[in-house]
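Thanks for coming. I have one structure to go through today, so please look at the screen.

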Amino acid sequence: PAGQSMANWSNMFAATMLSRQPGVTLQQLVSRQQEDAVKDCSMPPAATAPSYFTDGGLPAVAQGIACGRNKATGQGEMTVIKTVLGNSAVFQVQRAYRLPPVATSADLHLPPGADTEMAKRLQYSFVCSVQSPSPRCQ
């Protein structure tokens with residue numbers, strides 16, 4: 001949104017492409033996300049169970065992670081992360097909200113309608129190749 005930056009934001013949508021390490025699995029990537037959440041949160045984070053699926057023929061996973069108080073910002077953060085494992089890269093989209101801090105991560109709640117907006121945003125974020133015959137990539 002206008003007036004926000006990577007350092008100062010209240011809601012964010014980010015897309016990242018990373019080089020894929022040989023042999024890396026979605027399970028390993030989810031473990032790293034969870035380890036990062038534990039390091040970054042001043043209390044135990046709350047996370048949904050990872051949901052594994054196929055997205056455009058590629059293996060993918062989605063997971064929500066809540067942190068009641070981020071160590072760096074002092075704010076609560078709720079993020080839904082979708083990761084797609086491509087042949088040579090890892091593609092990740094995140095939809096995140098910064099919220100007032102709470103006593104436990106499980107106490108963090110999104111603004112009304114934000115959960116539906118997050119799901120739609122991630123559903124319509126997908127990987128396309130220039131060689132892809134998929135209609136969604138046209």
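This is a predicted model: local features need pLDDT of at least 70, side-chain atom pairs count only at pLDDT 80 or more; totals for chains, interfaces and linings use all residues.

The chain has two helices and six strands, and from the N terminus the order of elements is β-α-β-β-β-β-β-α. Along the principal axes, the C-alpha atoms fill a box of roughly 50 × 35 × 25 Å. Taking contacts with a separation of 6 or more, 56% are between residues 24 or more positions apart.

Now the helix. H1 covers residues 26-40, and its 15 residues reach 21 Å from first C-alpha to last, close to the 21 Å expected. Which residues of H1 are buried? They are Leu26, Leu29, Val30, Gln33 and Ala37. Down the axis of H1 these fall within an arc of 100 degrees, so they line one face of the helix. Their cover includes strands S3, S4, S5 and S6.

Is Thr83 buried or exposed? Thr83 has a relative accessible area of 2%, and because buried means under 20%, Thr83 counts as buried. Setting aside residues up to four places away in sequence, Thr83 touches Leu26, Leu29 and Gln33, along with Pro59, Ala60, Val61, Val90, Phe91 and Gln92. With Gln92 there is also a polar contact, side chain to side chain, of 3.1 Å.

As for the surface, the chain exposes about 8,100 Å², and carbon and sulfur atoms supply 56% of it.

How values were computed
Residues are numbered from 1 along each chain as its sequence is written. Side-chain values use heavy atoms; hydrogens and water are left out. Helices (H or I, at least four residues) and strands (E, at least two) are DSSP runs, numbered from the N terminus. The expected span of a helix is 1.5 Å times one less than its number of residues. Buried means under 20% relative accessible area, exposed over 50%, partly exposed in between (1.4 Å probe, protein chains only). The arc is that of the directions from the helix axis to the C-beta atoms. Contact means heavy atoms within 4.5 Å. A polar contact is a pair of N or O atoms within 3.5 Å; within protein, one must be able to donate a hydrogen and the other to accept it, and residues adjacent in sequence count only if both atoms are side-chain atoms. Accessible areas come from the Shrake-Rupley method with a 1.4 Å probe; for residues, only the protein chains shown count as cover.
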